[in-house]
Amino acid sequence: MDFPFEKIITTEKETEQIARQFAHALLPGDVVLLEGNLGSGKTFFVKALLKNYGVENANSPTFAIVNEYSNGELKFYHFDFYRIEKEYELYDIGIEDYISDENAITFIEWADLFPDAVPKADYKIIIELSREGKRKFLIEKV
Ligand SMILES: Nc1ncnc2c1ncn2[C@@H]1O[C@H](COP(=O)(O)OP(=O)(O)O)[C@@H](O)[C@H]1O
Ligand SMILES: [Mg+2]
């Protein structure tokens, strides 16, 4: 996959294909930001991506702030900032330690809500859902 990557797709299968291609580009320590309206497919994308690493039980972290997974070799942190009200909630759970973990790949939905809490990122994914149900994926290195 070359960056910036841009593609307009219609089916969940196509989203899974993008997730598989993107998984090949990821390295331990990477931090991936996901932007896009509710229902655009951020969680779906992360779940599809984690399946490529053998993690089958991923769920939306909206209520937990962060979900943690491991496949034995690598850890995966999946954040969702949507329900966070104050930035200190992120510092309380030690967000710096998650982001700087070089043995993990970190995904953050709605990272743009608290940009100061995310000092480093490697990729930004923007998903735009159109009224006709098409999805535009833009993946860029940051
Ligand atoms: N091509 C597609 N890519 C991703 N999700 C899709 C696609 N087509 C339909 N969907 C559905 O859209 C919904 C996306 O929800 P979700 O991933 O939770 O969004 P977000 O995390 O951005 O709020 C899921 O129910 C998923 O099944
Ligand atoms: Mg979500």
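Colleague: How much accessible surface does the chain have, and what share of it belongs to carbon and sulfur atoms? Then the part itself: which are the protein donors of the magnesium ion (ligand 2)?

Modeller: The model is predicted, with local features needing pLDDT of at least 70 and side-chain atom pairs 80 or more, while totals for chains, interfaces and linings use all residues. Residues are numbered from 1 along each chain as written, chains are lettered from A and ligands numbered from 1 in written order, and side-chain values use heavy atoms, without hydrogens or water.

The accessible surface of the chain is about 7,700 Å², and 46% of that belongs to carbon and sulfur atoms (Shrake-Rupley method, 1.4 Å probe). Of the 142 residues, 46% count as buried (under 20% relative accessible area, 1.4 Å probe, protein chains only).

The magnesium ion (ligand 2) has Thr 43 (OG1) and Glu 109 (OE) as protein donors, at 2.1 to 2.2 Å (N, O or S within 2.8 Å of the metal; water is not among the atoms, so the site may look incomplete). These two residues bring together distant parts of the chain: Thr 43 lies in helix 2 (residues 42–51), Glu 109 in strand 5 (residues 104–109), 66 residues apart (DSSP runs: H or I of at least four residues, E of at least two).

Among contacts between residues at least 6 apart in sequence, 62% join residues at least 24 apart (heavy atoms within 4.5 Å). The C-alpha atoms fill a box of roughly 40 × 35 × 30 Å along the principal axes.

Definitions and conventions
Donors are N, O and S atoms within 2.8 Å of the metal (3.2 Å for Na, K and Ca); water is not among the atoms, so sites may look incomplete. Buried means under 20% relative accessible area, exposed over 50%, partly exposed in between (1.4 Å probe, protein chains only).
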